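Reader: I am new to this structure. Could you go through the terms used for it and show what each one rests on?

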Amino acid sequence: MSKIVRFGVSIDKDLLLKFDHLIEKQNYQNRSEAIRDMIRETLIKKEWAEGKNITGAIILVYDHHKRELVNKLISIQHDYSNLIIATQHIHLDHYNCLEVITVRGKSKEIEKLAFTLKSTKGVKHGSLVATTTGKEIP
Ligand code: NI
């Protein structure tokens, strides 16, 4: 574990007030923890943009009664099986399914998989939550 250091920040008073208001709503106990999270968020976005190894989840909502849709989605997932760690399927109601596909791999490939699934005809909503493997984030 690396050493903790303190640093001072000069900031516009109104900007700081807005920041304090925001982090209070988000239940942060103090500014330090909020700033640490913002820094991590930025570093993770950089990992993502640089095409590094990342982890994440692709979330899909679809109607399984749509013709051939389930087969298409399964077939796409088999084409990208090297990226998929696990899938979870939840039957929301008689028609709608929620699928959470947990992924790990190069960001560009994961993005491609997410776009391919999301753009499949009949998928009502698709979303990619991209996070980090944690290896390069203290
Ligand atoms: Ni289902």
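**Terms and their grounds**

Author: This is a predicted model. In the protein chain, the mean positions of the 22 positive and 17 negative charges lie 2 Å apart.

Reader: Which residues count as positive and which as negative?

Author: Lys and Arg count as positive, Asp and Glu as negative.

Reader: Why is the protein chain called more spread out than a compact globule?

Author: The chain has four helices and four strands. Its radius of gyration is 20 Å, while the globule rule gives 14 Å for 138 residues; the value is well over the rule, so the chain is more spread out than a compact globule. The C-alpha atoms fill a box of roughly 60 × 30 × 20 Å along the principal axes.

Reader: What makes His89, His91 and Cys97 donor residues of the nickel ion?

Author: A donor is an N, O or S atom within 2.8 Å of the metal. NE2 of His89, ND1 of His91 and SG of Cys97 coordinate the nickel ion at 2.1 to 2.4 Å, so they count as donors. In sequence, the spacing of these donor residues is H-x1-H-x5-C.

Reader: Why is His91 called exposed?

Author: Exposed means over 50% relative accessible area. His91 has 62%, so it counts as exposed.

Reader: And why is His89 called partly exposed?

Author: Partly exposed lies between the buried limit of 20% and the exposed limit of 50%. His89 has 35%, so it is partly exposed.

Reader: How much of the protein chain is buried?

Author: Buried residues make up 28% of the 138 residues.

How values were computed. Residues are numbered from 1 along each chain as its sequence is written. This is a predicted model: local features need pLDDT of at least 70, side-chain atom pairs count only at pLDDT 80 or more; totals for chains, interfaces and linings use all residues. Side-chain values use heavy atoms; hydrogens and water are left out. Donors are N, O and S atoms within 2.8 Å of the metal (3.2 Å for Na, K and Ca); water is not among the atoms, so sites may look incomplete. Buried means under 20% relative accessible area, exposed over 50%, partly exposed in between (1.4 Å probe, protein chains only). Helices (H or I, at least four residues) and strands (E, at least two) are DSSP runs, numbered from the N terminus. The radius of gyration is taken over C-alpha atoms; the globule rule is 2.2 Å times the number of residues to the power 0.38. The place of a charge is taken as NZ of Lys, CZ of Arg, CG of Asp or CD of Glu.
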